[in-house]
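These are my notebook entries on one structure. I looked up its strands, its helices and the contacts between them.

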Amino acid sequence: MKPEFEIIPLVNNEEKRRFELAYNGHTAFINYGVYGDKIALVHTEAPKELQGTGAAQALVEKTLMYIEENNQTVLPYCPYVFGFIKKNPEWKRVVNERFMGFDQL
């Protein structure tokens, strides 16, 4: 994660069921669903103004940290999140072992 994102807090917007990261007046987010101790990450979106800044990557990393800190596991249905975990295999530790694509990570 780029240093400029380290101090920006992750917001868990429970009403909208999404994790949010605000940067330079714009918000990137990941939509999620909760299934017991599992968090299904289904869609990541960053406005065009944030593309190429590292905001989406920081959002995913902060979200995975949040999930781990709350003793939950992730179901990475979102292709962006899945790709991030595949490129950063140390995060496979938070993926639920029953996730259908677990062996592809």
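Entry 1: I began with the hairpin of strand 1 and strand 2, where four residues lie between the strands and Arg17 takes a positive phi near 55 degrees. Before going further I noted that this is a predicted model, in which local features need pLDDT of at least 70 and side-chain atom pairs count only at pLDDT 80 or more, while totals for chains, interfaces and linings use all residues. I also noted that residues are numbered from 1 along each chain as its sequence is written, and that side-chain values use heavy atoms, with hydrogens and water left out. Helices (H or I, at least four residues) and strands (E, at least two) are DSSP runs, numbered from the N terminus.

I then looked up the pairing, which requires that DSSP finds at least two bridges between two strands. Strand 1 (residues 11-13) pairs with strand 2 in the antiparallel sense over three bridges. I found Phe19 of strand 2 to be the bridge partner of Asn12.

**Entry 2: strand 2 and its next partner.** I checked burial in strand 2, with buried meaning under 20% relative accessible area, exposed over 50% and partly exposed in between (1.4 Å probe, protein chains only). Five of the six residues of strand 2 (residues 18-23) are buried, so this strand is largely enclosed by the rest of the structure. Strand 3 (residues 26-35) runs antiparallel to strand 2, and six bridges join them. Ala22 stands opposite Thr27 of strand 3. The hairpin of these two strands has two residues between them, and Asn24 in the turn has a positive phi of about 50 degrees.

**Entry 3: the sheet.** I followed the pairing onward and found strand 3 and strand 4 antiparallel, joined by seven bridges. Here Val34 is opposite Ile39 in strand 4. The five strands form an open sheet with the order 1-2-3-4-5 and mixed pairing. Strand 1 and strand 5 stand at the edges with a single partner strand each, so one side of each is left without a neighbour in the sheet.

**Entry 4: helix 2.** I read helix 2 (residues 55-69) as 15 residues reaching 21 Å from first C-alpha to last, close to the 21 Å expected at 1.5 Å a residue; the expected span is 1.5 Å times one less than the number of residues. Its buried residues include Ala58, Leu59 and Ile67. Among the elements that cover the buried residues of helix 2 are helix 1 (3-6), strand 4 (38-45) and strand 5 (73-76), where contact means heavy atoms within 4.5 Å. Just after helix 2, Asn71 has a positive phi of about 55 degrees.

**Entry 5: helix 2 against helix 3.** How do the axes of helix 2 and helix 3 cross? They come within 10 Å and cross at roughly 75 degrees; axes are lines fitted to C-alpha atoms, for helices over the stretch in contact, and angles run from 0 to 180 degrees between N-to-C directions. The two helices, helix 2 and helix 3, are therefore roughly perpendicular to each other, a label for angles of 65 to 115 degrees, with under 35 roughly parallel, over 145 roughly antiparallel and the rest oblique. In this contact, Ala56, Gln57, Val60, Glu61 and Leu64 of helix 2 meet Tyr80, Val81, Phe84 and Ile85 of helix 3.

**Entry 6: Tyr80.** At 38% relative accessibility, Tyr80 counts as partly exposed. Not counting residues up to four places away in sequence, Tyr80 touches Thr44, Ala56, Gln57 and Val60. The C-alpha atoms of Tyr80 and Ala56 are separated by 8.9 Å, with the two residues 24 apart along the chain.
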